[in-house]
Amino acid sequence: MAVQLYKLPISAPPKPITPNSRPIKMLTTNTISVTSQASSTQKVLSKRKLPILLFDIMDTIVRDPFYHDVPEFFRMPFKELMECKHPTAWIEFEKGLIDERELAKIFFKDCRPLDLEGLKNCMKRGYSYMGGVEALLKDLKENNYEMHAFTNYPDWYMMIEDKLKVSTYMSWTFCSCMTGKRKPDADAYLEVLRRLEVDPGNCIFIDDRMTNVEAAQNVGISGIQFKDAASLRRELSNMGVETCSKN
């Protein structure tokens, strides 16, 4: 019987890669994920309403009982209180370096006993919004501005929050007890810019103390010294911020 032979087809040799050849770019799952995240981040940033508003809290948003009520609580003039209290204890408390129990031990230079709960209750009673400020905050929120607290304060800020619900309008993002940095140190302002990932020219900082405003201006942040709610509304409006209610 004759056997028929079949020849296997000979495939063409692979085409050599030349300098003009374009290799196919393989996208891995990780590459696609990173690209997608970057795109999403860019979209979020593009939708961000500017400028971002940074607010001091005490005697800008909220009445500060320390100057108004605490001397009366201790039954001494404010000047005498400042002479009697430990020179750095409150600052350490504001930076989160000591807690309230340690504060109570060293509040006074002579280590006299401190009625801690009495002092806290005095502070709570004294917290209130500065005149006209809450109405302004409502209008700014209605106009979709991003607002952050940027304040020197200990963890007693939670007592303010419990009473006044400041977080209705802004985030307690930059409280010194959490960041460990206090105004007017330049690094406190630079930390804000790093965290927000924003150019200084896209922020406005409001504080009742001119020293803190000038420190903001030194790093390129626009600053307004708070005097009262009406003048703040005018100054923000002059800087292009929408301060009128939409209703």
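In which loop does Pro184 lie? Pro184 sits in the loop between α10 (176-179) and α11 (186-196); helices here are DSSP runs of H or I with at least four residues, strands are DSSP runs of E with at least two, and both are numbered from the N terminus. Before you zoom in, note that this is a predicted model, in which local features need pLDDT of at least 70 and side-chain atom pairs count only at pLDDT 80 or more, while totals for chains, interfaces and linings use all residues. Residues are numbered from 1 along each chain as its sequence is written, and side-chain values use heavy atoms, with hydrogens and water left out.

The peptide bond from Lys183 to Pro184 is cis, with omega near 5°. Another cis bond joins Leu50 to Pro51, where omega is near 0°. Pro51 belongs to the loop between α1 (29-47) and β1 (52-55). As background, most peptide bonds are trans, and most residues other than glycine have a negative phi.

Asn144, in the loop between α8 (133-142) and β2 (147-151), has a positive phi near 65°. Asn144 is also exposed, at a relative accessible area of 53% (exposed means over 50%, buried under 20%, and partly exposed in between, using a 1.4 Å probe and protein chains only).

Glu197 lies in the loop between α11 and β4 (203-207), and it counts as exposed, with 61% relative accessibility.
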